[in-house]
Amino acid sequence: MAEYIERDKVYNMLNALGGCGAEPESWSDGWDKAIDTAIEELDDIPAADVRPERHGEWNELSLDDQDEGMYICSKCKSIEFMPEECDIYAYCPNCGAKMDGEDGENNGV
């Protein structure tokens, strides 16, 4: 699975590592130039269209006997029918929330 980072945090880290005003042609000057090159390369990496992962949970509806197998998403309130013989959806088909609990630590309904 791909991992995503915040570009500004990388810029800040690289700027903290370089820019020491070294004498030209010294080892430190080479270090500064390497940091500058890394920053230029970072500028050329295209940004990914990423949104933070949402976490939710399925809450079983129990208004009457006819609601068996009906669940509501805790995030978007979408109602889904999932009979016993079906697996419970790992993600809400309406909003895309990962159904592992509001804190992301629950593995079931």
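1. Lys9 counts as exposed, with a relative accessibility of 56% (exposed is over 50% relative accessible area, buried is under 20%, partly exposed is in between; 1.4 Å probe, protein chains only). Its partner in a salt bridge is Glu6, with the closest N and O atoms 3.8 Å apart. For the cut-off: a salt bridge here is a side-chain nitrogen of Lys or Arg within 4 Å of a carboxyl oxygen of Asp or Glu.

2. Quick word on the basis. This is a predicted model, with local features needing pLDDT of at least 70 and side-chain atom pairs counting only at pLDDT 80 or more, while totals for chains, interfaces and linings use all residues. Residues are numbered from 1 along each chain as its sequence is written, and side-chain values use heavy atoms, leaving out hydrogens and water.

3. By the salt-bridge rule, the count comes to two. Besides Lys9 and Glu6, there is Lys33 with Asp29, at 3.2 Å from N to O. Both Lys33 and Asp29 sit in helix H2 (residues 27-44), four residues apart, or about one turn of the helix. Lys33 counts as partly exposed because its relative accessibility is 45%; Asp29, at 12% relative accessible area, is buried.

4. Glu80 is the one I'd look at on screen. It is buried and has no salt bridge; Arg54, the nearest side chain of opposite charge, is 13 Å away. (Charges: Lys and Arg are positive, Asp and Glu negative, with His and the chain ends not counted.)

5. So what does the side chain of Glu80 make a polar contact with? The side chain of Ser78, at 3.0 Å. A polar contact is a pair of N or O atoms within 3.5 Å; within protein, one must be able to donate a hydrogen and the other to accept it, and residues adjacent in sequence count only if both atoms are side-chain atoms. Leaving aside residues up to four places away in sequence, Glu80 touches Trp58, Gly69, Met70, Tyr71, Tyr89 and Pro93 (contact is heavy atoms within 4.5 Å).

6. On the fold: Glu80 lies in strand E3 (residues 79-81), and the protein chain has two helices and three strands, in the order α-α-β-β-β along the sequence. These are DSSP runs numbered from the N terminus: helices are H or I with at least four residues, strands E with at least two.

7. Whole-chain numbers, then. Of the 109 residues in the protein chain, 25% are buried. Among contacts with a separation of 6 or more, 38% join residues 24 or more positions apart.
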